[in-house]
Amino acid sequence: MVDVSCLEYEQGVVRLFLVRHGRAGRKAQRRGPDKLRPLDALGRRQAERLVGLIAPLEPTRIVSSPYRRCTETMGPLAATVGLGVEQTPALAPYSAFVTLS
């Protein structure tokens with residue numbers, strides 16, 4: 001299941017959705033860097049279902065960890081709403097907090 005959390009400020013109309021990536025293949029079954037681990041079949045279906053949850057809210061920006069499973073999770077949503085997926089190392093696991101511009 002993809003987890004979605006929302007933080008909304010009424011006056012400034014800033015909505016922030018935090019989405020955990022869809023299910024990825026197991027680390028133990030994959031060789032190579034973890035950042036290249038893709039979504040599995042269930043994870044791809046979860047990414048498609050995310051479109052129905054978020055697209056109607058008309059996002060104006062999509063920011064993701066550069067990890068493959070994260071960008072793959074955001075890909076269908078980005079394609080549907082006509083946005084690119086902005087990648088930032090600030091959202092990668094074990095990253096120090098960095099302000100997004």
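What share of the contacts in the protein chain with a separation of 6 or more is accounted for by residues 24 or more positions apart? Such residues account for 42% of these contacts, a contact being heavy atoms within 4.5 Å. The model is predicted: local features need pLDDT of at least 70, side-chain atom pairs count only at pLDDT 80 or more, and totals for chains, interfaces and linings use all residues. Residues are numbered from 1 along each chain as its sequence is written, and side-chain values use heavy atoms, with hydrogens and water left out.

The protein chain contains two helices and four strands, taken as DSSP runs (helices H or I, at least four residues; strands E, at least two) and numbered from the N terminus. Along the sequence these elements are arranged as β-β-α-β-α-β. Of the 101 residues in the protein chain, 29% are buried, that is, under 20% relative accessible area with a 1.4 Å probe, protein chains only.

After α2 comes G82, with a positive phi near 75°.

The buried residues of α2 are R69, C70, T71, T73, M74, P76, L77 and A78. They pack against β2 (14-19), α1 (41-54), β3 (63-64) and β4 (86-87). The largest nonpolar core consists of eight residues, L50, V51, I54, A55, I62, M74, L77 and A78, where a core is a set of buried Ala, Val, Leu, Ile, Met, Phe, Trp, Tyr and Cys residues joined through side-chain atoms within 4.5 Å. At least two residues of this core come from each of α1 and α2. Neighbours within four places in sequence aside, L77 contacts V51, I54, A55 and I62.

R69, also in α2, counts as buried because its relative accessibility is 5%. Its side chain and that of H21 are joined by a polar contact of 3.3 Å, defined as a pair of N or O atoms within 3.5 Å, which within protein must include one able to donate a hydrogen and another able to accept it, residues adjacent in sequence counting only if both atoms are side-chain atoms. Not counting residues up to four places away in sequence, R69 touches H21, A24, D34, R37, P38 and L39.

Technical notes
Buried < 20%, exposed > 50% of the residue type's maximum accessible area, 1.4 Å probe, protein only.
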